[in-house]
Amino acid sequence: MSMSDPIADMLTRIRNANSQRHATVDVPVSRIKTAIADILIKEGYVKSYEVIADGVKRTMRISLKYGPEKDAKVISGIRRISKPGLRVYTPCEKLPKVLGGLGTAIVSTNKGLVTDKEARKLGVGGEVIAFVW
């Protein structure tokens, strides 16, 4: 069975596991999902991920991050912006700031997947994939 929006599925799995305070979450692997996971690690939202090869099927196990006590979530919210039915493209000058700069927007540019801050430095716009705060 094919999935119409695998990125939204990944973000939903992370959101659900985070709300239930799971230590890890398993997601089917793809190059764009590993790029998103790299950004989440670099920005400090998740600890790490590992790719697990199980025969033909490969999955990515993402280790979620919490505060000193397990009740303090690092990810308060994660939302898909550009969807298959409605793509959202933004020029460099109009890139969104999530929570006034406290959150992160993940943007797909011709330089690859980058955060909104990096896209402003590079001077490129692109498709706004998701917001994380």
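View 1. In β3, V25 is bridged to I62. This is a predicted model, in which local features need pLDDT of at least 70 and side-chain atom pairs count only at pLDDT 80 or more, while totals for chains, interfaces and linings use all residues. Residues are numbered from 1 along each chain as its sequence is written, and side-chain values use heavy atoms, with hydrogens and water left out. β1 and β3 run antiparallel to each other, with five bridges between them; two strands count as paired if DSSP finds at least two bridges. D26, for its part, sits opposite R61 in β3. Strands and helices here are DSSP runs, numbered from the N terminus: E, at least two residues, for strands, and H or I, at least four, for helices.

View 2. Three strands make up an open sheet in the order β1-β3-β2, and the pairing is antiparallel. β1 and β2 (46–54) are the edge strands, each with a single partner, so one side of each has no neighbour in the sheet. From one strand to the next, the twist averages 25 degrees. Strands of a sheet pair through backbone hydrogen bonds.

**View 3. The β2–β3 hairpin.** Eight bridges join β2 and β3, again in the antiparallel sense. D54 has K57 in β3 as its bridge partner. Two residues lie between the strands of this hairpin, where G55 takes a positive phi near 75 degrees.

**View 4. Helices on the sheet.** α1 lies across β1 and β3, and runs at about 165 degrees to β1. α2 also packs on the sheet, where it touches β1, β2 and β3, and its direction makes about 155 degrees with that of β2. For these angles, axes are lines fitted to C-alpha atoms, for helices over the stretch in contact, and the values run from 0 to 180 degrees between N-to-C directions.

**View 5. Helix α1, end to end.** Buried means under 20% relative accessible area, exposed over 50%, and partly exposed in between (1.4 Å probe, protein chains only).

**View 6. The largest nonpolar core, and I62 within it.** This core has 24 residues, of which M10, I14, I36, L40, I62, L64 and I106 touch the most other members. α1, β1, α2, β3 and β8 each give two or more residues to the core, and the largest share, five residues, comes from α1. Such a core is a set of buried Ala, Val, Leu, Ile, Met, Phe, Trp, Tyr and Cys residues joined through side-chain atoms within 4.5 Å. Leaving aside neighbours within four places in sequence, I62 contacts (heavy atoms within 4.5 Å) M10, I14, A23, T24, V25, V27, V46, S48 and Y49.

**View 7. K70 beside R21.** K70 is in the loop between β3 and β4, and at 45% relative accessibility it counts as partly exposed. Not counting residues up to four places away in sequence, K70 touches R21 and A23. The C-alpha atoms of K70 and R21 are 7.3 Å apart, although 49 residues separate the two along the chain.
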